[in-house]
Amino acid sequence: MDTIQGLPTRDAYGKAIVALGEKNRNVYVVDCDIGKSCKTGEFMQTFPQQYVNVGIAEQNGCGLAAGLATCGKIPFVTTYAVFGSMRMLEQIRQEVCYPNLNVKIACSHGGFTPANDGASHQGIEDLGVLRTIPNMTVIAPADYHSAYALVKAAGADYYGPVYLRFTRDAVPFIYSEDDTFEIGKAKVLSEGSDITIISNGDILSRCVAAKDRLVESGISVRLLDMHTIKPIDREAVLDSIAKTRGIITVEDHNIINGLGSAVSEIVAEVGGCRVSRIGIQDQFGESAPYERLLEKNFITVDNIVETAMRMLK
Amino acid sequence: MIQNEKKDAVVQKLETQAKELRKTILTMIHEAKSGHPGGSLSAADIMAVLYFEELQVRPQDPHWEERDRFVLSKGHVCPVLYSCLALRGYFPMDVVKTLRKEGSMLQGHPDMKRCPGVDISTGSLGQGLSTAVGMALAAKRDERKYRVFCLVGDGESQEGQIWEAVQTAVKYQLDNLIIIVDNNGLQNDNTCEVVMPLGDLGVKFEAFGCSVQRIDGHSIPEIRTAFGFAREHRGGKPHCIVAKTVKGKGVSFMEHVVAWHGTPPNDEQYGTAIQEIEGGV
């Protein structure tokens, strides 16, 4: 197997937040004592006046950010996905989403990626939990370049609460730095007429591999990067129903209420094709290599290919 | 001598405002047939001094950037805040009759997007103080002069987040933050002592590093003196004023009674209460 040519999406966050802070002195980082892991170090060094560290007190960090936002700041509360989506969930709901304040929740270690840390640190429910709250936008970028672009988009001219999920490990480059991204607009990686694969986050690179194998077998694959799970790109899903015979969703997230659910909500209403969902089988992870955790939940290139074959029979 | 008379006139005026607040609180809760009278009444004197003397605000320009901020961390006692805002002219007096009604700017708990003069939406206890810390920090970083006042309930300080916020205020030396604890000793289910003993809150805030004052929260002169001290002393410590209060203050049958935490008065009780307040009992 080739060595991975890529970088972690959390590194992209660390770089993008510096670019944002440079351009707009109202951009703040609110750290919760895991800035080192979340790559806010350069921001802290460069803009100490725009930096706050509340210590191991995420709920307070979120409330403090809401207060900053009422005074014109654009705070990025930074922590791990499991804490950013659940430890401070009610604070996000009450003080950020309900008053619709311009607070961003930027979280590393999404999904199974903190694999050896075990279940306590694997945020496998974050996207689903947060997409349930009104006013919240939910984003899970798939590689370094898209993460960089989407952080900049979220912090520059996109008003309102945004949850951004990054991950720990290096992921292959899918895009170049010249690619452009719009929040709420799926990226079409390939057009096709037989089957659609919709994914996001670290798993997208596996879908690219699966697509290549399917294409080799003569199957025409439409592949979408649904980096914004909410508001979901409804048009892109409707196009997939019209253009292909079935949709497969693939995610590093619990099978309940994640990307597969969001896509199915649309398909269930309009009909026209089947959806097969590949994701975490409503079970906790454990300390294990990332690949093993995915295998145990059938989130593999093999399973994507087999699922496509089965659906097209 | 002349100065003393002048001061007395100010105190008298504020006491009259506090009476108006109490009447308005009861009128709106009676009309709504729901709401929280007990804690609204215990905070009325503090709020009278805040809104009719201490806070630098512009009711005609509620988003004025240099305004002092006020955070009602114990959001359920919004009838006292709404009464202040109405009497200060943020919106017409008759709006108070729409409390908790569909489409009203006066939601059951404060909503900053609907109600002018509300600096942050609150209602979930324990969270407001964190937002106040954020506002005070923004003022420091931007070198602005405004201050941030935050009213916290004693029962509310059972929430751990209150203490997370206090430690942050101390770390960032937010001497432009004034925390006022409405120490009425009662909460929803029973007395604080029975539900979850708080100990001496002043000692706790002091131990965290705040500059603490203890006052009678129904003495207008003591409230004024405490605010004056906080205004004049900016030694790098956040201020905390522990105000000993009586839940239901001003209405004899509501005072010290747990049940009036969240119960509206019926017609007869309302009439009696208004009479008592007007009579100055």
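## Two interfaces in a predicted model

Across the interface of domain 1 and domain 2 of chain A, 23 residue pairs are in polar contact, both residues being at pLDDT 80 or more. The model is a predicted one. On the domain 1 side, helix H7 (126-131), strand E6 (137-139) and strand E8 (171-172) of chain A each contribute at least two residues, and H7(A) gives the largest share with five residues. By class, this side comprises 18 nonpolar, 11 polar and five charged residues.

The domain assignment places domain 1 of chain A at 6-172 and domain 2 at 187-312. Their centres, taken over C-alpha atoms, are separated by 25 Å. The contact involves 34 residues from domain 1 and 31 residues from domain 2. Phe112(A), Ile124(A) and Arg131(A) lose the most area in domain 1 to domain 2, together 33% of what that side buries.

Chain B meets chain A through 30 residues of chain B and 29 residues of chain A. Of the area that chain B buries there, Gln127(B), Arg141(B) and Glu164(B) supply 25%, more than any other three residues. Polar contact links 16 residue pairs between the chains (both at pLDDT 80 or more). Helices H5 (128-141) and H6 (160-171) of chain B are the elements that give two or more residues to its side, with nine residues from H5(B) as the largest share. That side has nine nonpolar, 13 polar and eight charged residues.

| Interface | Buried area | Carbon and sulfur share | Salt bridge, closest N and O atoms |
|---|---|---|---|
| Domain 1 and domain 2 of chain A | about 2,400 Å² | 56% | Glu265(A) with Arg131(A), 2.7 Å |

How values were computed: Residues are numbered from 1 along each chain as its sequence is written. Chains are lettered from A and ligands numbered from 1 in the order in which they are written. This is a predicted model: local features need pLDDT of at least 70, side-chain atom pairs count only at pLDDT 80 or more; totals for chains, interfaces and linings use all residues. Side-chain values use heavy atoms; hydrogens and water are left out. Contact means heavy atoms within 4.5 Å. Buried area is the accessible area (1.4 Å probe) that two parts lose on being put together, summed over both. A polar contact is a pair of N or O atoms within 3.5 Å; within protein, one must be able to donate a hydrogen and the other to accept it, and residues adjacent in sequence count only if both atoms are side-chain atoms. Helices (H or I, at least four residues) and strands (E, at least two) are DSSP runs, numbered from the N terminus. Ala, Val, Leu, Ile, Met, Phe, Trp, Tyr, Cys and Pro count as nonpolar, Asp, Glu, Lys and Arg as charged, and the others, Gly among them, as polar. Domain bounds come from an automatic or database domain assignment. A salt bridge is a side-chain nitrogen of Lys or Arg within 4 Å of a carboxyl oxygen of Asp or Glu.
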